Amino acid sequence: MKRFLLRVLLFSLIFFALDKLFYIFLFIAPKLEEDHRLELLLNGKINKELIVMGSSRGAYNIIANQIEKETGKTAYNISYAGSNIQFHLFLLKTLLEFNNKPKTIVLSLDNPYEFLYVKTFDYRYDKMYPLEKYNYINDELIRLDDKSKFSKIFCLARLNRNSFNFRKKGVTKESPILECGSMPFSIESGKNNFKFDDKKVCYPIKEELKDKKKAFLEFQRICKENNIKLIYCFAPNFRVYNSTLENRIKDISLPENRLFVYDTTDFRYKKIEYFHDESHLNIRGAQLFTSELSKFINLNK
């Protein structure tokens with residue numbers, strides 16, 4: 001029995017020693033990413049007066065350094081393409097946990113999909129996996145049932161298939177990340193074979209996901225408790241504006257929050273040369289839209 005216990009102890013010591021060697025993969029992973037915005041959040045490096053959040057329509061359509069010039073407020077964009085409101089809530093909590101709280105948050109909403117199921121809008125686990133050396137990130141993945149509780153002890157339990165991919169993981173050349181966190185599309189990168197859609201679509205309230213609505217309500221509650229001015233933002237699509245989600249937001253929003261909609265009468269938002277595709281502006285359109293947004297911010301100081 002004594003010999004057996006010694007062998008078990010020896011095996012355990014060897015296993016723990018080997019497991020710790022795998023920490024090198026956790027250490028290297030963040031260095032392979034070109035998008036360091038989430039890591040900057042974790043390290044308390046994003047201390048700005050105004051923060052832009054949202055999915056691709058926030059990332060590509062709103063230029064934070066332009067807002068700085070036009071409002072006098074320091075600004076940064078932490079929008080992630082393909083992200084949903086639950087992920088935005090996680091970013092908000094992370095922002096407040098490690099950074100100075102901002103005075104204003106601009107939350108770009110996806111019209112009409114903000115509360116609906118769309119497979120292209122998800123919780124961006126892929127942005128979290130390279131940062132699993134941070135216990136904060138690992139704890140969040142455990143909460144989401146994406147990681148085992150063993151990952152609190154074993155490095156191996158924090159690794160995944162991408163942990164062994166040592167290629168640099170960059171962003172596309174057509175939408176590089178600016179120092180302010182925004183990612184506007186270049187004028188040359190867009191398609192030119194789409195047409196303006198003038199069909200109006202009804203908003204299906206019955207198809208709303210409870211988890212998305214709950215996260216939205218939690219987002220605005222946290223902003224209120226921290227005395228953060230919250231501005232909801234609707235960017236243009238290359239189609240007629242659908243006001244049904246706007247009305248829905250008004251129904252469930254706190255009265256102190258503000259809602260900004262682009263100038264739907266501006267003919268330039270019907271010109272293809274201002275768009276990258278049906279859902280996103282190019283840099284020319286983003287500059288136009290951001291200028292509108294800046295004026296709204298200045299009027300709502």
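This is a predicted model: local features need pLDDT of at least 70, side-chain atom pairs count only at pLDDT 80 or more; totals for chains, interfaces and linings use all residues.

Guide: Residues are numbered from 1 along each chain as its sequence is written, and side-chain values use heavy atoms, without hydrogens and water.

Visitor: What makes α9 a helix of the expected span?

Guide: Helices are DSSP runs (H or I, at least four residues), numbered from the N terminus. The expected span is 1.5 Å times one less than the number of residues. α9 has 16 residues and reaches 22 Å from first C-alpha to last, close to the 22 Å expected.

Visitor: Why are the buried residues of α9 said to line one face?

Guide: Buried means under 20% relative accessible area and exposed over 50%, with a 1.4 Å probe and protein chains only. Among the buried residues of α9 are Ala 215, Phe 216 and Phe 219. Seen down the axis, the buried residues fall within an arc of 155° (taken from the directions from the helix axis to the C-beta atoms), so they line one face of α9. The face turned away from the buried side carries exposed residues, including Lys 210 and Asp 211.

Visitor: How is the lining of the largest cavity divided by class?

Guide: Ala, Val, Leu, Ile, Met, Phe, Trp, Tyr, Cys and Pro count as nonpolar, Asp, Glu, Lys and Arg as charged, and the others, Gly among them, as polar. The lining of the largest cavity therefore has five nonpolar, one polar and five charged residues.

Note on methods
Helices (H or I, at least four residues) and strands (E, at least two) are DSSP runs, numbered from the N terminus.
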